[in-house]
There are 2 protein chains.
Amino acid sequence: VGAAHPLDGAIALQPQPDGSWQGRTSPAYGNMIGPYGGITAAQCLQSVLRHPERLGEPIAFTVNFAAALADGEFRLHARPARTNRSTQHWTIEMLQDDELVATATAVTAVRRATWSGHEARMPQVPRPQDVPRSQRRGVEWLQRYEMRFVEGAIPSAWDGGTREASLSRLWVRDDPPRPLDFASLTALADVFFPRVWLRRAKPTPIGTVSMTVYYHADAAQLAATGAGHLLLQAQGQGFGGGYFDHGGQLWDEAGTLLATTHQVVYYKE
Amino acid sequence: VGAAHPLDGAIALQPQPDGSWQGRTSPAYGNMIGPYGGITAAQCLQSVLRHPERLGEPIAFTVNFAAALADGEFRLHARPARTNRSTQHWTIEMLQDDELVATATAVTAVRRATWSGHEARMPQVPRPQDVPRSQRRGVEWLQRYEMRFVEGAIPSAWDGGTREASLSRLWVRDDPPRPLDFASLTALADVFFPRVWLRRAKPTPIGTVSMTVYYHADAAQLAATGAGHLLLQAQGQGFGGGYFDHGGQLWDEAGTLLATTHQVVYYKE
């Protein structure tokens with residue numbers, strides 16, 4: 001019998017008598033200060049996924065990082081603010097010591113078969129086994145992902161040389177591999193290192209302020225992906241006045257779009 | 001003395017003794033059923049912009065459309081859920097007859113001068129005066145915008161012919177022209193007709209579920225834009241299971257990126 005995957009430990013939530021959830025930050029996903037934001041996002045979504053009144057599957061999810069989390073316990077309140085026939089709107093709050101540390105909203109829905117035709121195509125890239133795996137170094141959460149950069153890797157020299165573009169493409173999966181689900185997909189949506197580091201080759205302090213994920217796959221499609229590699233792509237858009245944003249896409253190895261994501265990030269200088 | 005601009009009438013909010021706001025849907029921005037979603041978004045943001053405790057200017061804003069609004073009054077509750085030294089996190093709820101019709105979150109911040117360098121460049125397009133103005137027809141809110149399509153106009157024939165791509169580029173401004181501010185910029189972020197109509201040339205019923213705007217300009221930059229034309233661009237990403245999303249950008253006439261936006265939209269078939 002194998003040990004539980006670290007991601008399952010990280011998103012474990014204990015139901016409380018008042019309908020809220022209690023969880024703990026996971027040392028396995030530690031960042032420079034506090035936890036990796038992708039796991040905080042996954043924990044917020046998990047409070048909806050495990051809610052007994054949930055209708056359908058995630059369509060849209062936005063998390064706002066209001067404060068640096070301290071290592072330790074947190075409380076999650078997920079509330080179905082409006083339930084329609086086939087859609088449901090959620091508001092989520094994460095608290096530590098009665099102080100708000102994150103807000104989030106989610107939309108879940110019962111999907112129906114319709115015309116489909118994804119427009120964001122996976123770029124032509126080498127297969128994962130033909131791309132060298134990045135050296136694992138630095139903070140703890142980076143050890144939890146297997147990354148293979150096709151393009152736009154983290155600068156090898158912090159020489160302050162500016163670049164016009166901040167496009168990154170990489171193959172990523174959990175390490176150890178783990179069958180994909182909505183929680184792990186949400187955590188993966190935050191693995192991109194800060195685009196401003198790529199533009200400037202300068203390690204200025206940063207912090208994600210808000211992240212949105214739109215889901216284009218249902219639970220069955222995610223299960224079919226299994227523990228395979230995903231191709232992730234992100235590119236910056238606006239940079240100024242202490243904030244930049246990026247847009248990104250996540251495809252399975254067969255080239256099916258699973259999710260799109262965006263985030264806005266504070267940077268110090 | 002000129003009459004008030006219809007947008008100012010639409011976003012007018014009356015403060016209530018409990019700290020909430022009361023407003024009304026505006027017939028000037030009527031849609032097929034209920035109001036234009038861009039105005040609902042602007043009203044939600046306005047409840048933050050006018051809040052006496054607001055710190056800084058909008059950085060990120062997400063609105064989730066939980067139910068079709070009825071024509072008439074609504075109540076807005078905006079709460080500063082967390083206030084830091086230079087950032088503030090807002091939760092917003094819009095209600096009609098005590099039923100939730102929209103949820104939103106916003107991040108405001110005091111911006112600081114930093115390195116800047118917008119990466120999403122304005123495409124090369126003809127100037128607004130060299131692009132014919134679209135005929136104004138259809139629902140009321142369309143009469144409130146001056147639109148000049150450079151590329152990807154609404155299909156002229158609903159012949160069911162499918163297209164590979166749904167890129168639209170258009171010059172837009174308020175009609176009558178009005179100096180740009182955060183409320184009008186937010187309303188403008190929703191003017192894109194549904195990308196699924198462009199892909200399929202079939203007018204399937206749709207409804208925006210969630211929209212996010214990231215702001216890359218401060219109030220002074222918006223004021224400097226005045227009542228000029230903005231270039232708006234949007235392109236679809238994923239389409240399937242009843243939902244599609246698009247990403248978009250808004251530039252001023254000089255080519256400065258003012259905002260980026262994304263939304264996910266329900267479609268019927």
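Arg178(A) is buried, with a relative accessible area of 8%, where buried means under 20% relative accessible area, exposed means over 50%, and partly exposed lies in between (1.4 Å probe, protein chains only). This is a predicted model, in which local features need pLDDT of at least 70 and side-chain atom pairs count only at pLDDT 80 or more, while totals for chains, interfaces and linings use all residues. Residues are numbered from 1 along each chain as its sequence is written, chains are lettered from A and ligands numbered from 1 in the order of writing, and side-chain values use heavy atoms, with hydrogens and water left out.

**Salt bridges**

A salt bridge is taken here as a side-chain nitrogen of Lys or Arg within 4 Å of a carboxyl oxygen of Asp or Glu, and on that rule there are 25 salt bridges over all chains. One of them links the side chains of Arg178(A) and Asp8(A), with an N to O distance of 2.8 Å. Because Arg178(A) sits in the loop between β8 (168–174) and α3 (182–188) of chain A, whereas Asp8(A) belongs to helix α1 (residues 6–10) of chain A, this pair ties together parts that are 170 residues apart in sequence. Helices (H or I, at least four residues) and strands (E, at least two) are DSSP runs, numbered from the N terminus. Asp8(A) is partly exposed, at 35% relative accessibility.

A second salt bridge joins the side chains of Arg24(A) and Glu73(A), at 3.9 Å from N to O. Arg24(A) lies in strand β2 (residues 21–24) of chain A and Glu73(A) in strand β4 (residues 73–83) of chain A, so the pair ties together parts that are 49 residues apart in sequence. Glu73(A) is partly exposed, with a relative accessible area of 44%.

Which residue of chain A meets Glu119(B) in a salt bridge? The partner is Arg199(A), with 3.3 Å from N to O. The pair crosses between chains, from the loop between β6 (99–109) and β7 (145–151) of chain B, which holds Glu119(B), to helix α4 (residues 195–200) of chain A, which holds Arg199(A). Glu119(B) is buried at 9% relative accessible area, and Arg199(A) is buried at 5% relative accessibility. Elsewhere, salt bridges that share partners join Asp8(A), Arg178(A) and Asp181(A) into one network.

**Sheets and helix packing**

In chain A, 12 strands form an open sheet with antiparallel pairing, in the order β1-β2-β4-β5-β6-β3-β9-β12-β11-β10-β8-β7; two strands pair if DSSP finds at least two bridges between them. At the edges stand β1 (14–15) and β7 (145–151) of chain A, each with a single partner strand, so one side of each is left without a neighbour in the sheet. Helix α2 (residues 37–49) of chain A packs on this sheet, touching β2, β3 (57–65), β4, β5 (87–96), β6 (99–109) and β9 of chain A, and its direction makes about 130° with that of β3(A). Contact here means heavy atoms within 4.5 Å, and axes are lines fitted to C-alpha atoms, for helices over the stretch in contact, with angles from 0 to 180 degrees between N-to-C directions.

| Strand pair | Sense | Extent |
|---|---|---|
| β9(A) and β12(A) | antiparallel | nine bridges |
| β8(A) and β10(A) | antiparallel | five bridges |
| β10(A) and β11(A) | antiparallel | nine bridges |
| β8(B) and β10(B) | antiparallel | five bridges |

Within these pairs, Thr212(A) stands opposite His262(A) in β12(A), Arg169(A) has Gln233(A) in β10(A) as its bridge partner, and Ala234(A) stands opposite Gly248(A) in β11(A). Strand β10 (residues 230–240) of chain A is mostly covered, with 10 of its 11 residues buried. In the hairpin of β10(A) and β11(A), which has two residues between the strands, Gly241(A) takes a positive phi near 60°. In chain B, Ser168(B) stands opposite Ala234(B) in β10(B).

**Relation of the copies, and cysteines**

Chain A can be laid on chain B with an RMSD of 0.0 Å by a turn of 180° and a shift of 0.0 Å along the axis. The two copies are therefore related as by a two-fold rotation axis. The same surface serves both copies, since 100% of the contact residues of chain A recur in chain B. The superposition is by least squares on the C-alpha atoms of residues with pLDDT of at least 70 in both.

With a disulfide defined as a pair of cysteine sulfur atoms within 2.5 Å, the count over all chains is zero. Cys44(A) is buried at 0% relative accessible area, and Cys44(B) is buried at 1% relative accessibility.
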